[in-house]
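Subject: Handover of the two-chain model

Hello,

Please find the structure below, for your files. The notes after it say what was found.

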Amino acid sequence: MRSIYIPMVLVILLMVCAGSGNAQTITINNDLSFGNVFPGIPKVVSKATAGSAAEFHVSGTAGNEVTIDFTLPTYMNLSGANMQMIFHTTDCAVDSSASPDQSNPGADNLNPWHTITYRLGSTGLTIWLGGTVVPKLIQTNGSYAASIVLTVAYTGS
Amino acid sequence: MERKQVNGLSGKLAVAALLTLFVLPMSSAFGQDVATGQAIANVLAALSITATTDLDFGNVYQGVAVTAAKDNSTVGTTAGVFTITGEAAAEISVYMVLPAYLATVSGDDRMTVSFNTTDAAYDNTGNVDPAAFGGGVANVDPNNWTTAPTDVGAGGTSAIFLGGRVTPSVNQAAGPYSGDITVTVAYTGT
């Protein structure tokens with residue numbers, strides 16, 4: 001009877017521990033904002049431009065490694081009208097230092113189309129994303145929007 | 001014998017404790033979070049230009065040059081009018097391709113047409129009547145718009161007025177003549 005008691009305790013411990021971990025949390029500090037866009041003139045927002053580049057903050061267990069995955073839009077939408085978006089392979093940057101520096105991040109020119117692996121710092125991790133819109137000459141005027149989905153997960157190391 | 005069993009249980013508990021210590025730090029590896037941010041942009045009004053009124057020299061006598069004023073002040077002629085609409089106050093660039101001559105429909109004869117350095121006006125007040133210039137740039141060289149600051153105007157509508165001159169020869173063939181005037185406008189992005 002005792003021989004099965006201890007494995008049962010271990011299983012319970014595993015279950016409890018799995019549910020009570022210090023899970024990471026993503027905070028959206030800033031949307032990717034292109035401001036006013038002239039028809040026919042592409043506009044670029046640099047990942048280093050504070051207030052315009054998208055900014056996410058990830059909090060969690062310091063020192064743990066996480067994967068960062070974006071689901072990126074290819075166009076913005078306004079009531080059925082589309083406007084092309086481009087994310088280049090260097091449009092992402094991350095910084096896990098205590099004082100994240102958008103103009104000089106810890107890791108720059110990352111590819112947002114691929115999984116990015118990085119380790120959380122003492123205050124977490126800050127992620128920046130830039131992009132480009134390419135309006136047509138006869139692009140319908142108005143406010144366009146698109147969703148950027150960010151998924152962060154611990155790797156276990 | 002009983003003591004040996006107690007020691008075995010203690011050993012198992014020790015293993016459990018060690019496993020727990022091992023598992024606890026790993027517990028956070030099971031977490032995941034998803035956030036959905038937004039990309040946002042405000043697209044401004046599209047730019048368009050329309051040839052509202054043709055530059056019309058009216059009836060022309062052989063050997064007698066005729067000037068069409070950009071303000072319609074020459075009787076019997078009509079200034080060319082191009083209407084521009086777009087984002088209010090946005091700066092634009094203008095490029096004109098002007099003909100060197102007018103030609104008959106068949107192309108059998110040509111008549112010289114010319115444009116001097118003040119033959120165009122740019123009205124950014126929303127007025128589209130050449131005879132009622134409202135403001136903007138009164139004298140523009142239609143062959144070189146780069147010297148003139150141009151914008152759509154506060155109301156989102158502006159107009160180009162164009163005059164010119166034809167010089168028929170003394171033996172100019174009778175009949176209608178025409179030539180294309182092409183105007184291209186584009187936002188500068190400011």
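A polar contact here is a pair of N or O atoms within 3.5 Å; within protein, one must be able to donate a hydrogen and the other to accept it, and residues adjacent in sequence count only if both atoms are side-chain atoms. With that in hand, a polar atom of the Q172(B) side chain lies 2.9 Å from the backbone nitrogen of S169(B).

Some conventions come next. This is a predicted model, in which local features need pLDDT of at least 70 and side-chain atom pairs count only at pLDDT 80 or more, while totals for chains, interfaces and linings use all residues. Residues are numbered from 1 along each chain as its sequence is written, chains are lettered from A and ligands numbered from 1 in the order in which they are written, and side-chain values use heavy atoms, with hydrogens and water left out.

Confidence

The predictor gives an ipTM of 0.83 and a pTM of 0.78 for the complex. In chain B the mean pLDDT (the predictor's confidence in each residue, from 0 to 100) is 87, and 83% of the residues reach 70 or more.

The chains

Helices (H or I, at least four residues) and strands (E, at least two) are DSSP runs, numbered from the N terminus. Chain A has one helix and 13 strands, in the pattern α-β-β-β-β-β-β-β-β-β-β-β-β-β along the sequence. Chain B likewise has one helix and 13 strands.

Of the 157 residues in chain A, 42% are buried; for the 190 residues of chain B the figure is 38%. Buried means under 20% relative accessible area, exposed over 50%, and partly exposed in between (1.4 Å probe, protein chains only). Chain A exposes about 7500 Å², with 56% supplied by carbon and sulfur atoms. Chain B exposes about 10100 Å², again with 56% from carbon and sulfur. These areas come from the Shrake-Rupley method with a 1.4 Å probe; for residues, only the protein chains shown count as cover.

Among contacts in chain A between residues at least 6 apart in sequence, 78% join residues at least 24 apart. In chain B, 77% of the contacts with a separation of 6 or more are between residues 24 or more positions apart.

A sheet in chain B

Five strands of chain B form an open sheet in the order 2-4-10-8-9, with antiparallel pairing. Its edges are strand 2 (48-53) and strand 9 (136-140), each of which pairs on one side only. Two strands pair if DSSP finds at least two bridges between them. Within the sheet, strand 8 (residues 120-123) and strand 10 (residues 157-162) are joined by four bridges. One bridge partner pair is A120(B) and L162(B), the latter in strand 10.

Around Q172(B)

Where does Q172(B) sit? Q172(B) is in the loop between strand 11 (164-167) and strand 12 (177-178) of chain B. Q172(B) counts as buried because its relative accessibility is 5%. Leaving out residues up to four places away in sequence, Q172(B) touches Q62(B), D109(B), R110(B), M111(B) and Y177(B).

Regards

Methods. Contact = heavy atoms within 4.5 Å.
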